[in-house]
Amino acid sequence: MNAQSPPRAGPTVAAILVALPMLAVLAAIVHGATGADPALWAHLTEHVLARVVANTAALVVGVVVIAVALGTSLAWLTAACEFPGRGFFAWALYLPMAVPAYVLAFVAVATLDYAGAVPTAMRAWFGADLAVPPIRSTVGLIAVLGFASYPYVYLMARGAFLTHGARVLEAAQSLGYGPWAGLVRVAIPLARPWLAGGAALVAMETLADFGAVSVFNYDTFTTAIYKAWYGLFSVETALALALLLLGFVAITMAAEQLARGRGRHTAADSGTRAPVRLALSGPRGWLASAFAAAVFAAGFLLPGIALARWALEVAPVDLDARYVTYILRTLSLAAMAALACLALALVLGYANRLSKGFATHAAARIATLGYAVPGTVLAVGVVTVLGGLDGAFRTLAGGEGLWLQGTVLALLLGYVARFLAVAYGPVLGGFARIRPSLEEAARSLGLAPREILARLHLPLLGAGVGTALLLVFVDVMKEMPITLMTRPFGWDTLAVRVFEMTAEGEWQRAALPALAIVVAGLLPVALLTWRMERAARAA
Amino acid sequence: MRLELREVSRSFPGVAALDRLSLTVEAGRIGCLLGPSGSGKSTALRCIAGFERPDAGEVLAGGERLSGAGAWVSPERRRIGMVFQDFALFPHLDALANVAFGLRDLDRGARRRRAQELLDLVGLSAEAGRYPHELSGGQQQRVALARALAPRPRLVLLDEPFSNLDADVRTDLAQAVRKALRAEGATALLVTHDQREAFAIADEIGVLRGGRLEQWDVPWKLYHSPRTRFVADFVGEGTFIPGTVVGPGRVATELGVIEGQLTRDQPPGTLVDLLLRPDDVIHDDVSELRAEVVERAFRGAEFRYTLRLPSGATALSFVPSHHDHAIGERIGIRLDAQHLVGFPRGWDAGRE
């Protein structure tokens with residue numbers, strides 16, 4: 001007899017409203033693709049699919065292998081060993097995270113292709129008939145994406161090694177295992193959930209990559225979707241490919257669950273003392289330094305130098321009033337998207353705090369699914385949904401107009417669908433750190449729930465809110481396919497400019513906007529690095 | 001203001017946390033719910049504060065119905081202050097701002113003055129500008145109390161207020177809390193599992209067990225005149241020995257006929273289990289009665305001896321610590337009981 005309790009549907013309804021756009025987009029893709037003409041499917045399977053599937057699979061497998069090998073070994077070296085320059089490399093190896101894959105890709109092609117600076121110099125040195133392996137190959141692309149995405153694995157593995165490494169290794173040593181046997185037998189199996197998580201992130205990023213594969217003219221699902229959209233103007237084909245790509249994403253997620261084994265991420269023990277690092281002396285130490293230096297140089301230093309040089313060369317000619325527009329457009333889009341994502345993340349986080357029900361929880365899961373869905377897929381879905389709505393408006397109001405398609409609203413919808421999860425993570429973490437008794441204390445002092453959000457949660461969420469804004473802001477700055485496919489006519493951003501210049505092979509003129517993106521991308525990486533290292537010192 | 005609970009029940013899946021709980025705390029008094037963990041005492045507090053909705057029953061404060069019979073007042077409108085077990089101070093506000101947080105209808109100056117007044121009352125005038133993490137546990141506790149008292153609530157609830165503190169500050173703090181509540185003329189209800197805290201603060205104490213109130217009384221009567229075996233066990237120490245009522249205020253036991261005042265109306269011939277408190281059993285070297293020491297615990301000023309009586313029954317005794325006896329020794333004892341608490345033999349667990 002709980003008759004006196006009014007139903008508390010508000011939070012659940014709010015959460016479902018936030019999840020609605022994502023649901024609509026997914027429904028549109030499934031509906032559109034399954035409703036497609038059978039002849040079209042036959043055409044697809046015959047001419048496109050085999051190559052696209054093989055290419056995508058090869059790329060994902062290759063990139064994951066390279067990223068896991070680089071990330072795990074570097075994480076182990078910097079977390080559990082001592083060698084010259086370890087302190088520097090420990091944080092410097094995060095920096096390549098600031099370089100989007102498409103930037104690394106065009107820098108690699110520009111410098112390592114036949115006419116590029118490096119092969120030219122090598123031929124001058126070793127003779128004109130020197131055979132330099134071509135960079136524009138599957139192997140070359142895999143290497144580029146591997147160097148661009150190893151930091152995800154590095155980040156996760158390093159976290160695992162720092163929290164568990166030293167203590168567990170000491171236990172292994174007391175049982176008679178040397179440090180290297182301990183690594184293989186104990187530390188890596190222990191870090192398996194983290195490694196699986198890092199590898200899954202890399203696989204997702206590779207599946208979603210559009211810019212780098214475009215630079216290499218390598219056909220994957222994302223470029224096939226883009227071409228179907230713009231080349232063939234076949235919405236059905238694009239939707240069908242999008243649905244298949246979603247299938248690949250689902251397989252990746254399932255694979256991660258399997259690869260984790262029965263292990264789970266457990267909270268780091270606090271109060272473990274500073275690890276005693278394994279000293280690599282003499283040549284072994286220098287070998288470790290050289291390895292770390294090579295990865296740092298290839299992933300960040302050399303591309304950075306190249307970008308800076310080219311940018312300086314073209315700046316006097318290129319840097320004109322248009323750039324002010326690009327930058328303002330980019331910044332305002334990023335700011336709008338960041339605020340929108342934050343607002344929705346707060347609604348979602350607060351709803352989940354007020355209501356522990358299944359519906360609210362499921363709504364949050366769906367609303368934040370976008371981070372696993374490639375931008376090209378989301379773009380196709382968003383345009384389809386808005387096209388349908390426009391059609392409905394036309395039927396109701398008459399006329400020919402497009403109210404939603406090709407507006408800033410469409411673009412923002414795409415960004416929010418893709419990056420809500422990025423804002424939700426820090427917001428959720430912030431909420432989790434606020435003890436429920438604080439809310440009860442505020443209520444017993446006379447505050448209604450909506451006042452509590454403003455007077456208690458927002459001030460306490462401070463850092464989480466800042467992190468959420470920064471992460472979304474920078475992700476939107478880098479974002480390429482959604483911007484390219486849903487932007488209003490003439491709305492060029494820095495990333496679009498990079499795409500257009502690289503599409504024409506004008507590498508040096510792409511350097512200026514690319515450099516701006518990289519510099520902005522350093523902010524969240526610096527923040528992240530600072531936090532990681534502070535946490536490591538505290539442990 | 002007067003707090004009244006009428007037959008309040010609340011159950012969670014599989015457990016009845018509160019089972020028809022009724023109690024009254026008169027205005028200006030300090031009440032306490034005492035019970036082991038899981039006895040429902042925190043649920044009772046949360047039902048009064050409005051964080052839980054009772055399934056049945058009524059909660060009234062100062063005559064206003066807060067819940068029950070179709071009424072529901074949300075927690076923020078109840079004007080009931082609460083001191084949380086973890087203190088729940090707002091980490092982004094200093095001590096003064098924490099205390100001022102609930103003072104919403106006053107202007108700035110008045111808010112500040114009132115907050116400062118409360119900090120003075122709890123002896124933290126100098127710590128006004130400190131943030132919670134810069135305060136000791138005891139100081140945080142006093143800020144939490146000041147914060148709860150500041151808006152002049154109708155009632156103050158304290159949820160295990162001392163459980164997160166070191167033992168040596170508890171007693172002092174309990175006195176300080178009592179003084180502050182008195183100074184504000186507040187009506188208060190405290191819940192705790194620690195009888196010493198309850199005795200130190202409360203005017204009246206209710207013992208809760210499995211969501212039901214076993215006894216609501218002043219501390220002295222709770223100890224000397226427990227109504228159930230559970231209360232006798234939970235409040236203070238003691239053991240039971242078999243006996244037979246032989247006359248008004250006379251119970252025959254293996255230790256002879258004990259005279260005192262029977263707390264229950266029991267006719268001669270009733271077989272009882274008689275409660276022996278450790279302070280009823282007095283060590284006396286010249287006594288004929290002998291008991292064997294089976295356990296001893298040194299407590300500084302005294303020993304607590306566990307004794308085996310001739311029949312095999314057990315008794316406890318507090319003995320000044322210069323009487324140092326070894327385990328196995330037989331020592332003389334005599335009984336000095338004023339209150340005879342006998343429960344009918346075989347009458348288990350004890351509910352009336």
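## Exercises on a predicted two-chain model

In this predicted model, the axes of helix α13 (residues 321-354) of chain A and helix α16 (residues 408-432) of chain A come within 7 Å and cross at roughly 50 degrees.

**Exercise 1.** Work out which word describes the orientation of α13(A) to α16(A), and which residues make the contact.

*Solution.* Begin with the angle, which is roughly 50 degrees between the two axes.

**Exercise 2.** Describe the open sheet of chain B by giving the order of its strands, and then find its edge strands.

*Solution.* The open sheet has 6 strands in the order β7-β8-β9-β3-β10-β11 (chain B), and its pairing is mixed. The edge strands are β7 (80-83) and β11 (212-217) of chain B, each of which pairs on one side only. Neighbouring strands of the sheet are turned by 20 degrees against each other on average, with direction ignored.

For one pair inside the sheet, take strand β3 (residues 30-34) and strand β10 (residues 204-209) of chain B, which run parallel and are joined by 4 bridges. Within this pair, B:Gly31 stands opposite B:Glu204 of β10(B).

**Exercise 3.** Determine in which sense β13(B) and β14(B) pair, and how many residues the hairpin between them passes through.

*Solution.* Strand β13 (residues 250-253) and strand β14 (residues 256-259) of chain B pair over 4 bridges in the antiparallel sense. The hairpin joins β13(B) to β14(B) through 2 residues. As an example of facing residues, B:Ala252 stands opposite B:Val257 in β14(B).

**Exercise 4.** Find which element of chain A gives the largest share of the side that touches chain B.

*Solution.* First count the residues, for 18 residues of chain A are in contact with 23 residues of chain B. On the side of chain A, the elements that give two or more residues are α17 (436-444) and α18 (449-478) of chain A. The largest share, 6 residues, comes from α17(A). Finally, the residues of this side of chain A divide into 9 nonpolar, 6 polar and 3 charged.

Terms used
Residues are numbered from 1 along each chain as its sequence is written. Chains are lettered from A and ligands numbered from 1 in the order in which they are written. This is a predicted model: local features need pLDDT of at least 70, side-chain atom pairs count only at pLDDT 80 or more; totals for chains, interfaces and linings use all residues. Two strands pair if DSSP finds at least two bridges between them. Axes are lines fitted to C-alpha atoms, for helices over the stretch in contact, and angles run from 0 to 180 degrees between N-to-C directions. Angles under 35 degrees count as roughly parallel, over 145 as roughly antiparallel, 65 to 115 as roughly perpendicular and the rest as oblique. Two residues are in contact if their C-beta atoms, placed from the backbone, lie within 7 Å. Ala, Val, Leu, Ile, Met, Phe, Trp, Tyr, Cys and Pro count as nonpolar, Asp, Glu, Lys and Arg as charged, and the others, Gly among them, as polar.
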